[in-house]
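Q: I would like to learn how to read a protein structure. Can we go through it feature by feature?

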Amino acid sequence: MADEQLIVVGAGPAGLRAAQTLVAAGCSPTLVDESRAGGGRIYARPPAPLPLDARALYGTEAARATAVHALAHLLAGQIDYRPDTTAWNLAGRNLYVVRNGQHETLPFDALIIAAGATDRLLPIAGWQYAGCYSLGGAQLLLKTQACAIGRRVAFVGTGPLLYLIAAQYAAAGAGIAGVFDTSPWAARVRALPELLARPSTLLKGIGLERALRRAGVPVHRGIVPQQIDGDAERGVTGLRWLDADGRAQHIECDAVALGFHLRPEAQLADLARCAFDRDPLTGLWMPRIDPTGAAACRASTSPATARSCSARSRPSAVASSRRSRHCATWATT
Amino acid sequence: MLTALLAQRATLRHAEFGAGEARAGFCAMGACQDCWIWREDGTRLRACTTPATDGLRVTLAAKDRTWLTNS
């Protein structure tokens, strides 16, 4: 094992822990990181000279973020760590990467994919207007650039991130037009038994709603988005929706943050010819993995060995007690 | 660069597709390919993942329509 070529793709919490585990076992993996410094998107760090105030940036996750950053620093001195490097293709047992325009082919015997997740997005009429951003993007711009996406932001979609990021904008003093949640109150009641199995997740959710209420942010549930109003040059000007009673409503805003839970970044697993199953709970296609995290392969030809990894690093896209903690989702972005 | 540019102007570029609406980035994490800017030599950059550094000179439109073939 020690002389095998091992590659870990992704330096978020999952990829860093995977690399740490390999090092502890006497291996010397290559760690491919698309960003400039380890931590992934969830623990993304602002560039100098913006201050890194872990408590302000990561809230209840500050201790975890600090530990992940320290691990990234430690590993960078021990292994072949490649920041700013994009893995853009995979064929057979070769990984194709590019860094600053320089291409390279990295052969491997085993590959660990910890590529994280991005926002699950559904198109809404008018989402092409400037000022409409992914929910995760809206959060990154706040965390790493100390910027809001607009002066009056509408948060549209569903899932725990909708409330988390709206609360982070409120805490930063950004102007908020409202939270517009497409899931009805009844769905939240139905989810309660499963959420009770994760009391910390439930408590965080309750805390977020309380913070939004204190900040005077209107929360609309059970809505159906109709149209993001806008102008081809000036961008977003408003939002139209149907409220829970089916009445047409309108509000002015200059930015929209859009997201419906998360979806795994599964392109590399797809290129590695992993088998996929449709998860009935989330409606997402997920790589089929065994309890050790090893991926099943769909091809009869000799496929790449791939493992997917997950670290519990974010409120999971869907709270579900029937899933194992390990490799449950790829929600590590 | 995305932040630096949008601190100066409302939008970044125009979409190559559809009605060619003004764009201002979308995912802000290097995934969506919607914030391209160009170095003067034609090299394509993602504004959202490019640090604003001394001496960096960029244009907001490709000089020629080589955006399909540039690396």
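Q: What is the order of the strands in the open sheet that holds E4, E5 and E6 of chain A?
A: Strands of a sheet pair through backbone hydrogen bonds, either parallel or antiparallel. In this predicted model, the open sheet of 3 strands in chain A has the order E4-E5-E6, and the pairing is antiparallel.

Q: Which strands of chain A stand at the edges of that sheet?
A: Strand E4 (85–91) and strand E6 (102–107) of chain A do; each has a single partner strand, so one side of each is left without a neighbour in the sheet. From one strand to the next, the twist averages 25°.

Q: Over how many bridges do E5(A) and E6(A) pair?
A: Strand E5 (residues 94–99) of chain A pairs with E6(A) over 6 bridges, in the antiparallel sense.

Q: How many bridges join E14(A) to E15(A)?
A: There are 5 bridges between strand E14 (residues 235–242) of chain A and E15(A), and the two run antiparallel. Arg240(A) has His250(A) in E15(A) as its bridge partner.

Q: What do E18(A) and E19(A) form?
A: They form a hairpin with 4 residues between them. Strand E18 (residues 276–279) and strand E19 (residues 284–287) of chain A pair in the antiparallel sense over 4 bridges. In one of the pairs, Phe276(A) has Pro287(A) of E19(A) as its bridge partner. In the turn, Gly283(A) has a positive phi of about 75°.

Q: Let us move to helices. At roughly what angle do the axes of H1(A) and H3(A) cross?
A: The axes of helix H1 (residues 13–24) and helix H3 (residues 62–76) of chain A cross at roughly 45° and come within 10 Å. That angle makes H1(A) oblique to H3(A). H1(A) passes H3(A) in a left-handed crossing.

Q: Which residues make the contact of H1(A) with H3(A)?
A: H1(A) brings Pro13(A), Leu16(A), Ala19(A) and Gln20(A), while H3(A) brings Val68(A), Leu71(A), Ala72(A) and Leu75(A). By class, the residues of this contact are 7 nonpolar, 1 polar and no charged.

Q: Are H4(A) and H5(A) roughly parallel or roughly antiparallel to each other?
A: An angle under 35 degrees counts as roughly parallel. The axes of H4(A) and H5(A) come within 10 Å and cross at roughly 30°, and the two helices are therefore roughly parallel to each other. The crossing of H4(A) past H5(A) is left-handed. On H4(A), Leu135(A), Ala138(A), Gln139(A) and Leu142(A) meet Leu161(A), Leu162(A), Ile165(A), Gln168(A) and Tyr169(A) on H5(A). The contact of H4(A) with H5(A) has 7 nonpolar, 2 polar and no charged residues.

Q: Where do H5(A) and H7(A) meet, and at roughly what angle do their axes cross?
A: The axes of helix H5 (residues 160–171) and helix H7 (residues 199–214) of chain A come within 9 Å and cross at roughly 45°. H5(A) and H7(A) are therefore oblique to each other. Among the residues that make the contact are Tyr163(A) and Ala167(A) of H5(A), and Leu208(A) and Glu209(A) of H7(A). The residues of the contact of H5(A) with H7(A) divide into 9 nonpolar, 1 polar and 1 charged.

Q: What span should the 16 residues of H7(A) have?
A: At 1.5 Å a residue, H7(A) should span 22 Å, and its end C-alpha atoms are 22 Å apart, which agrees. Just after H7(A), Gly216(A) takes a positive phi of about 75°.

Q: How many residues of chain A are in contact with chain B?
A: 21 residues of chain A are in contact with 20 residues of chain B. H4(A) gives the largest share of the side of chain A that touches chain B, 5 residues. By class, that side has 8 nonpolar, 9 polar and 4 charged residues.

Key: Residues numbered from 1 in each chain as written. Chains lettered and ligands numbered in written order. Predicted model: local features only at pLDDT ≥ 70, side-chain atom pairs only at ≥ 80, totals over all residues. Axes fitted to C-alpha atoms, helices over the stretch in contact; angles between N-to-C directions. Parallel < 35°, antiparallel > 145°, perpendicular 65-115°, else oblique. Contact = placed C-beta atoms within 7 Å. Nonpolar A, V, L, I, M, F, W, Y, C, P; charged D, E, K, R; others polar. Pairing = 2+ DSSP bridges. Expected span 1.5 Å × (residues − 1). Left-handed = near helix turned anticlockwise from the far one by under 90°.
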